[in-house]
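User: I have a structure open and I'd like to go through its side chains. Can you take my questions as they come?

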Amino acid sequence: IYLKHDHQDSGLITDYRHWQIPLGRRFRSLKMWFVFRLYGVKGLQEFIRKHVALAHEFESLVRHDERFEIVGDVVLGLVCFRIKGTNDLNEKLLKKINDARKIHIV
């Protein structure tokens, strides 16, 4: 399901997911240099702390809703959850959320 979309096999849309500069050591360091330059160390720390707190807040909301379950530990900003029930039900929810285009989940 990860990065799966309705038009991937149709040939109508060019999939640019794998068209990128190879992520060698030098390029990764350049990307980090830009991030540090944009945010600064303190700004980056605040950004990460805020998103970790948001993930735990979302985890709390999911745990209080009887329809959902948390399926793994919350790590940094990653919250793995699902609807209690069949996988088809989860795929329908995923499609409905992504089709609304307000947020994107995988």
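User: Which side chains meet in a salt bridge with 2.6 Å from N to O?
Analyst: Those of Asp65 and Arg67. A salt bridge here is a side-chain nitrogen of Lys or Arg within 4 Å of a carboxyl oxygen of Asp or Glu. This is a predicted model, where local features need pLDDT of at least 70 and side-chain atom pairs count only at pLDDT 80 or more, while totals for chains, interfaces and linings use all residues. Residues are numbered from 1 along each chain as its sequence is written, and side-chain values use heavy atoms, with hydrogens and water left out.

User: Why do such pairs form?
Analyst: Side chains of opposite charge can pair when their charged atoms come close.

User: Is Arg67 buried or exposed?
Analyst: Arg67 counts as exposed, at 56% relative accessibility. The cut-offs are these: buried is under 20% relative accessible area, exposed is over 50%, and partly exposed is in between (1.4 Å probe, protein chains only).

User: How many salt bridges are there in the whole structure?
Analyst: A search finds 4. Another one of them joins Arg82 and Glu69, at 3.1 Å from N to O. Arg82 is in strand β2 and Glu69 is in strand β1, so this pair ties together parts that are 13 residues apart in sequence. Helices (H or I, at least four residues) and strands (E, at least two) are DSSP runs, numbered from the N terminus.

User: And how open are those two?
Analyst: Arg82 is partly exposed, at 24% relative accessibility. Glu69 is partly exposed too, at 29%.

User: What does Glu59 pair with?
Analyst: Glu59 forms a salt bridge with Arg63. Their closest N and O atoms are 3.0 Å apart. The two residues are 4 apart in helix α1, which means about one helical turn separates them.

User: New topic: rings. How many aromatic pairs are there?
Analyst: The count is 4. The rule takes rings of Phe, Tyr and Trp (its six-membered ring) and pairs them if their centres lie within 6.5 Å; planes under 30 degrees apart count as stacked, over 60 as edge-to-face and the rest as tilted.

User: Which one has its planes at 40 degrees?
Analyst: Tyr39 with Phe47. The pair is tilted, and the centres are 5.3 Å apart. Tyr39 is partly exposed at 37% relative accessibility. Phe47 is partly exposed as well, with a relative accessible area of 37%.

User: What about Phe68 and Phe81, how do they sit?
Analyst: They are edge-to-face. The centres are 6.0 Å apart, with 70 degrees between the planes. Phe68 lies in strand β1 (residues 68-70) and Phe81 in strand β2 (residues 81-83), so the pair ties together parts 13 residues apart in sequence. Phe68 is buried at 18%, whereas Phe81 is partly exposed at 27%.

User: Which aromatic cluster are they in?
Analyst: Phe58, Phe68 and Phe81 form one cluster.

User: Back to Tyr39. Where does it lie?
Analyst: Tyr39 is in helix α1 (residues 25-63).

User: What is phi like at Leu76?
Analyst: Phi is near 50 degrees there, a positive value in a residue other than glycine. Most residues other than glycine have a negative phi. Leu76 lies in the loop between β1 and β2, and it is exposed at 57%.

User: Where is Arg101, and what is its phi?
Analyst: Arg101 is in the segment after α2 (87-100). Its phi is positive, about 60 degrees, although it is not a glycine. Arg101 counts as exposed, at 74% relative accessibility.
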